[in-house]
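This report describes a ligand site and one residue elsewhere in the protein. Please look over the sequence and the structure before reading on.

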Amino acid sequence: MDFRFTEEQTMTAEAVKGLLADLCQPADLRRLMQVGAARDDRRWTALTGMGLAGALVPEEMGGLGLGAVDFVLVAEACGYAGLPEPLVENAGISLPLLAALAADRRAATLLDRALAGDVTVATAHPANLFVAEADNAGALLVVRDDGVSLLEAGSVGLVRQDSVDPFRRLFTLAAMPAAAPVAGASDARAAVDLAFDRGALFTAAQLLGIAQRAVDLAVAYAKERQQFGKPIGSYQAVKHMLSTVQVRIEFARPVVHAAAAQLANADAFSRARISHARLAAGEAADLACRTAVQVHGAMGYSWEVDVHFFLKRALALASWWGDARFHRERVAARVFDRPLGADQTFASEAAHD
Amino acid sequence: MDLTYSHTEKAFRAEVRAWMEANVPSAPLPSFDASREGFEAHRAWERKLAEGRWGMVTWPQAYGGRALNLIQWLIFEEEYWRAGAPLRVNQNGIFLLGPTLMEYGTEEQKTRFLSRMASGDEIWAQAWSEPQAGSDLAAVRATGRREGDDYVLDGHKIWSSRAVFADWAFGLFRTDPASGRHKGLSLIFFPLDAAGVRVQPIPQIDGETGFAEIFLDDVRVPAFNRLGEDGQGWSICMATAGFERGLMLRSPARFQMAAKRLVDLYRAHEPECAPETRAAVLQSFMDAEAYALSIHATASRLIAGGHIGAEASTNKIFWSELDIQLHRTALSILGARAELMRSAPAAGDVGRWLDGYFFSLAGPIYAGSNEIQKNIIAERMLGLPR
Ligand SMILES: Cc1cc2nc3c(=O)[nH]c(=O)nc-3n(C[C@H](O)[C@H](O)[C@H](O)COP(=O)(O)OP(=O)(O)OC[C@H]3O[C@@H](n4cnc5c(N)ncnc54)[C@H](O)[C@@H]3O)c2cc1C
């Protein structure tokens, strides 16, 4: 039992954080918004240059062969920065799914292009009403009842669905062309389930990052802003609001990290933990962003202050890769149908055999 | 990150489990607060634990421990709570003073106090609070006057848990009369049966005696009984409090077992329960789990040489709030029966939940109130101005 990240894992995360601190500040976000572009090429090139696209793809297929624990801190950093580009969806969810289907030649070819950084891949999954970043993706992986299909860019009509989050590009598919699945439903089942779990987990990690960012923005403002001759952060009401949020964050974080470490177990225990992580991080982000608005006063209600970017991302991610109700039911399935008790914290189906 | 148990850890769990199964009393012991008899029954249990070298598994072997790490301590606690073993009557000693003694005590002090603490021969109370020094602990007025090789203690301590039957107390005294606030305080031990000590029980919210006032009138103790340097009392107390709030005082297993009982209670009453009750039950489970995971993360960090920091404050808020929510949920499931005393024929298991509910209300008060913890988080963790 050792609940620590390795030095390498923290170093990778620090590198991503550093890069995003340089290239993904709110001023950068605003610039992107003004020009109406989907991606900042310089930032995206820098990120792909780190080789992160293949993070979760096995080494023998040209990836880095890392696991969810290696990527979870990266996803957290993306949430913290409010990253517009689809690093998490592409590298964290779509490409490992594609790799799992690479027995099919079309999938294998696309994977090579995606690992080279030529294209991104978007995933259309029944858990999500929309497909994110579908217009910029080189191809779509579409999960349906009959299996997983692969649609090249342009082969399917996309209807843009405007999100309140200016950096989320959401689409519905106009009409599905008939395409032979790259994997049938039963063959793809495990990979699709795992893709969903990665989606939920990395969404939780992003929410955790968003929550901490909202607190940090509010703390910075509370130190600066003076009223009654003192910084507002010296008033206990303000302190207690922010401490309350920080406590929520502190008790979402180890759940997210444990969920990452257990994701590969793919059993009722690991799924409940992922869902717990999603719920806890979602609630922390929601409270953090609302609190940050309050701490900023009218500034917090303005377009000028950056809090709203994070508030909107938190709102958007709240029902992404499963809504709260869905995730609560997965926790319920573990609570009501599996053994409980102090010795069951790290239980897995493998350990029970 | 490896969230699986090693062979050694599994074997250790099995060993603890076997011992608990063979030794945990089959019927619950009478409360240690209510009577001398209950207190002594708990002391006997401490002795039994010590005979099996289970008193404090993290302590060095020389003091009756097994020199195990904090993950193994957590395994021990999990098995302890799983077995439904008695509450630790000496918790102020073994969880608070013990670790502090090991850090700040001289060899002679460790030899004198630790083994008898671990064996239950000497049971400890904490005498810090005073009528005018609660949250503002630095306002203590009790004094320790140096006379040759002795201190002469005077003052009025209050809210001292288990002091009614305990053997010793560790108190905070002003030993420099010219000092103020955090300076000039010392941590000094005194026997509760020493000449000049009067212990006055205080009934708690449920009518039972759980804590006491301690009046000290020219109580003479050797200077040997001072822990650390003269005037170092405040920083030592804060180290103790950090350990108390941060880790030892409330091991996660306590809440996980309570959450398990809550799920059982919910199942027995499911048809009568509202949907929000179900959500509250699931929330209690999740919060207990989150606390357990957080403590495992902290334990791993400490094993690798880290120090307990602000998590002492975040932990204390989280477990105390979780405890209240868990018990409120239980009472809401019990509905009209929630008000029944243990003695009521229709009570069944109700009394236990009610006791737990009352005690949960103390959680945000003792060990440093939650409001004070929020100040600490805001100032030390978030860096907000004082
Ligand atoms: C069950 C129980 C067992 C205890 N056992 C022991 C023991 O064994 N030994 C011992 O020494 N003590 C013990 N205590 C005492 C405990 O440490 C004190 O109750 C605690 O420190 C709070 O002090 P107080 O009760 O005087 O409350 P006060 O300090 O008077 O506080 C009253 C209220 O005001 C709030 N408040 C106070 N100051 C501030 C501030 N600066 N900012 C915001 N809010 C503030 C508090 O949070 C609280 O809500 C025990 C208490 C309980 C309930």
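## Classes around the ligand

Ala, Val, Leu, Ile, Met, Phe, Trp, Tyr, Cys and Pro are counted as nonpolar, Asp, Glu, Lys and Arg as charged, and the others, Gly among them, as polar. The model is predicted. On this scheme the shell around the ligand holds seven nonpolar, nine polar and one charged residues.

## Position of the ligand

The ligand sits between chains A and B. There are 17 residues around it, and those that come nearest are B:Ser129, B:Ser135, B:Trp159, B:Ser369 and B:Glu371.

In chain B, domain 2 (125-232) and domain 3 (250-381) each give at least three residues to the shell. Strand 3 (150-161) and helix 11 (370-381) of chain B each contribute at least two.

## Polar contacts and burial

From chain A, a polar side-chain atom of A:Gln236 is 2.8 Å from a nitrogen atom of the ligand. From chain B, a side-chain N or O atom of B:Ser135 lies 2.6 Å from a ligand oxygen atom, and a polar backbone atom of B:Trp159 lies 2.9 Å from a ligand nitrogen atom. The ligand taken alone exposes 960 Å², of which the protein buries 66%.

## Residue B:Glu311

B:Glu311 belongs to helix 9 (residues 311-334) of chain B. Is this residue buried or exposed? B:Glu311 has a relative accessible area of 16%, and because buried means under 20%, B:Glu311 counts as buried.

Leaving out residues up to four places away in sequence, B:Glu311 touches B:Thr298 and B:Arg301. A polar side-chain atom of B:Glu311 lies 3.0 Å from the backbone nitrogen of B:Gly309. B:Ser294 is 17 residues from B:Glu311 along the chain, and their C-alpha atoms are 9.2 Å apart.

Conventions: Residues are numbered from 1 along each chain as its sequence is written. Chains are lettered from A and ligands numbered from 1 in the order in which they are written. This is a predicted model: local features need pLDDT of at least 70, side-chain atom pairs count only at pLDDT 80 or more; totals for chains, interfaces and linings use all residues. Side-chain values use heavy atoms; hydrogens and water are left out. A residue is near a molecule or strand if one of its heavy atoms lies within 4 Å of it. A polar contact is a pair of N or O atoms within 3.5 Å; within protein, one must be able to donate a hydrogen and the other to accept it, and residues adjacent in sequence count only if both atoms are side-chain atoms. Accessible areas come from the Shrake-Rupley method with a 1.4 Å probe; for residues, only the protein chains shown count as cover. Helices (H or I, at least four residues) and strands (E, at least two) are DSSP runs, numbered from the N terminus. Domain bounds come from an automatic or database domain assignment. Buried means under 20% relative accessible area, exposed over 50%, partly exposed in between (1.4 Å probe, protein chains only). Contact means heavy atoms within 4.5 Å.
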